[in-house]
Amino acid sequence: MQLIIPMENLVKILKSLAELNRLRIVMAIGKDSLSVTEIIHATDLPQTLVSFHLRTLRNSEVVKTERNGPFIYYRLSSPGLIDVLSDLSQVNNSLKS
């Protein structure tokens, strides 16, 4: 059975991914679960910027959080999103050719 996302939710997701740093964060998380510190190291972005963008990604329900002791870990709400983004990246690369 295929899950149908209401168009309004899809627009909210796409808008949140349309910013370079947020897309970099999502790609860094991938199918893993990362802490803010791990995301900072993976993206080379400052902590304040990572936290700002993670808030936007949480509000659009692209990422979910899980607390483990003093740390909060971020993971994609739908791990399949990374596959969709990889497919889009391939389409983008083929358009450049």
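Student: Where is Glu-61 placed?

Tutor: Glu-61 is in the loop between helix 4 and strand 2. Helices (H or I, at least four residues) and strands (E, at least two) are DSSP runs, numbered from the N terminus. Residues are numbered from 1 along each chain as its sequence is written, and side-chain values use heavy atoms, with hydrogens and water left out. This is a predicted model, in which local features need pLDDT of at least 70 and side-chain atom pairs count only at pLDDT 80 or more, while totals for chains, interfaces and linings use all residues.

Student: OK. Is Glu-61 buried or exposed?

Tutor: Glu-61 counts as exposed, at 54% relative accessibility. Buried means under 20% relative accessible area, exposed means over 50%, and partly exposed is in between (1.4 Å probe, protein chains only).

Student: What about the phi of Glu-61, positive or negative?

Tutor: Positive, at about 65°, although Glu-61 is not a glycine. Most residues other than glycine have a negative phi.

Student: Which phi value does Asp-44 have?

Tutor: The phi of Asp-44 is near 60°, a positive value in a residue other than glycine. Asp-44 sits in the loop between helix 3 and helix 4 (47–59). With 70% relative accessibility, Asp-44 counts as exposed.

Student: Let's zoom out. How many helices and strands are in the chain?

Tutor: The chain has 5 helices and 3 strands. Read from the N terminus, the elements run α-α-β-α-α-β-β-α.

Student: And how does the radius of gyration compare with the globule rule?

Tutor: The radius of gyration is 14 Å, close to the 13 Å that the rule gives for 97 residues, so the chain is as compact as a globular protein of that length. The radius is taken over C-alpha atoms, and the globule rule is 2.2 Å times the number of residues to the power 0.38.

Student: What box do the C-alpha atoms fill?

Tutor: Roughly 40 × 35 × 20 Å, taken along the principal axes. Of the 97 residues in the chain, 28% are buried.

Student: What share of the contacts join residues at least 24 apart?

Tutor: It is 54%, among contacts between residues at least 6 apart in sequence. Contact means heavy atoms within 4.5 Å.

Student: New topic. At what angle do helix 2 and helix 5 cross?

Tutor: The axes of helix 2 (residues 20–29) and helix 5 (residues 81–96) cross at roughly 120° and come within 10 Å. That makes helix 2 oblique to helix 5. Axes are lines fitted to C-alpha atoms, for helices over the stretch in contact, and angles run from 0 to 180 degrees between N-to-C directions. Angles under 35 degrees count as roughly parallel, over 145 as roughly antiparallel, 65 to 115 as roughly perpendicular and the rest as oblique.

Student: Is that crossing of helix 2 and helix 5 left-handed or right-handed?

Tutor: Helix 2 passes helix 5 in a left-handed crossing. A crossing is left-handed if the near helix is turned anticlockwise from the far one by less than a right angle, and right-handed if clockwise.

Student: Which residues meet there, between helix 2 and helix 5?

Tutor: Leu-23, Val-26 and Met-27 of helix 2 meet Leu-81, Ile-82 and Leu-85 of helix 5. By class, the contact has 6 nonpolar residues, no polar and no charged. Ala, Val, Leu, Ile, Met, Phe, Trp, Tyr, Cys and Pro count as nonpolar, Asp, Glu, Lys and Arg as charged, and the others, Gly among them, as polar.

Student: And how do the axes of helix 2 and helix 3 cross?

Tutor: They come within 10 Å and cross at roughly 110°, helix 3 being residues 36–43. That makes helix 2 roughly perpendicular to helix 3. This crossing is right-handed. Arg-24, Ile-25, Ala-28 and Ile-29 of helix 2 make the contact with Ile-39, Ala-42 and Thr-43 of helix 3. The classes are 5 nonpolar, 1 polar and 1 charged.

Student: Last bit. Where is Ser-35 found?

Tutor: Ser-35 is in strand 1 (residues 33–35). Ser-35 is buried, with a relative accessible area of 7%. Not counting residues up to four places away in sequence, Ser-35 touches Ile-72 and Tyr-73.

Student: Which residues is Lys-64 in contact with?

Tutor: Leaving aside neighbours within four places in sequence, Lys-64 is in contact with Tyr-73, Tyr-74, Arg-75 and Ser-77. Lys-64 lies in strand 2 (residues 63–68) and is partly exposed, at 39% relative accessible area.
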